[in-house]
Amino acid sequence: MEKDCGVWINILSHKLKKRMNANMQSLGLTGMQSHIIHYVLVKSAEGPVFQRDLERTFGLSRSTATGMLQLMEKNGLILRESVASDARLKSLILTEKAVHLDEQVREYLHQTEQCLTQGLSRAQLALFLETAERMSANLDIQLACGRSTAS
């Protein structure tokens, strides 16, 4: 039986999560926490970063993002500070502990990306990224229209 796109995406996702979690375990992080630390560090240079930014960027539900951020706060990786213009909004601030971990996080992310893309030409990589973006948009459109996967 030939594997379809969905099966291949699921296989790649599982392998990436397994590798990232194994790499980050020595730092006391999960793979997703490492991505969040790096994202907040990079994006906070442009302005405040909020939970909804993480939800949108990583495709997380509100409850999943809340749980992850609560755990990261408990583990001393982030702080949530109220925004002066809207007390309901809390910007995400990395602690010194998280900032110090970022160099190692970046190295692990780079190594994983190198491993994942080894042997691929720039054209192949560009085509993959374009294709993955289109597939994601297709799923977004289907969800927005309220169509089931059976139709």
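Q: What is the expected span of a helix?
A: Happy to start there, with the note that this is a predicted model. The expected span of a helix is 1.5 Å times one less than its number of residues. Helix 2 has 13 residues, and from its first C-alpha to its last it reaches 18 Å. That is close to the value expected for helix 2 at 1.5 Å a residue, 18 Å.

Q: Which elements do the buried residues of helix 2 pack against?
A: Let's see who is buried first: in helix 2 these are Gly 31, Gln 33, Ser 34, Ile 36, Ile 37, Tyr 39 and Val 40. The partners of these buried residues are helix 1, helix 3, helix 4, strand 2 and helix 5.

Q: Why do the buried residues of helix 4 count as being on the same side?
A: Helix 4 buries Ala 65, Met 68, Leu 69 and Met 72. They lie on the same side of helix 4 because the arc they cover around the axis is only 95 degrees.

Q: Which exposed residues does the face of helix 4 turned away from its buried side carry?
A: On the buried side, the packing is against helix 2 (31-43), helix 3 (51-58), strand 1 (78-83) and strand 2 (86-94). Turn to the face pointing away from that buried side, and you will find the exposed residues Ser 63 and Lys 74.

Q: Which residues are the closest to the centre of the largest pocket?
A: The largest pocket holds about 1,800 Å³ of space. Helix 1 (5-25), helix 2, helix 3, helix 5 (96-117) and helix 6 (122-145) each give at least two residues to its lining. Of the 34 lining residues, the closest to the centre of the largest pocket are Ile 9, Ser 13, Leu 16, Phe 128 and Ala 132.

Q: How many disulfides does the structure hold?
A: Cys 5 counts as partly exposed because its relative accessibility is 47%, and Cys 115 counts as partly exposed at 42%. A disulfide would need a pair of cysteine sulfur atoms within 2.5 Å. The number of disulfides in the structure is zero.

Technical notes:
Residues are numbered from 1 along each chain as its sequence is written. This is a predicted model: local features need pLDDT of at least 70, side-chain atom pairs count only at pLDDT 80 or more; totals for chains, interfaces and linings use all residues. Side-chain values use heavy atoms; hydrogens and water are left out. Buried means under 20% relative accessible area, exposed over 50%, partly exposed in between (1.4 Å probe, protein chains only). Helices (H or I, at least four residues) and strands (E, at least two) are DSSP runs, numbered from the N terminus. The arc is that of the directions from the helix axis to the C-beta atoms. Contact means heavy atoms within 4.5 Å. On a 1 Å grid over the protein atoms alone, a cavity is a set of points where a 1.4 Å probe fits but cannot get out, and a pocket is an open set with protein on both sides within 12 Å along at least five of seven lines; lining residues have an atom within 4 Å of a point. Grid points are joined across faces, edges and corners, and a volume is the space filled by probe spheres set on the points.
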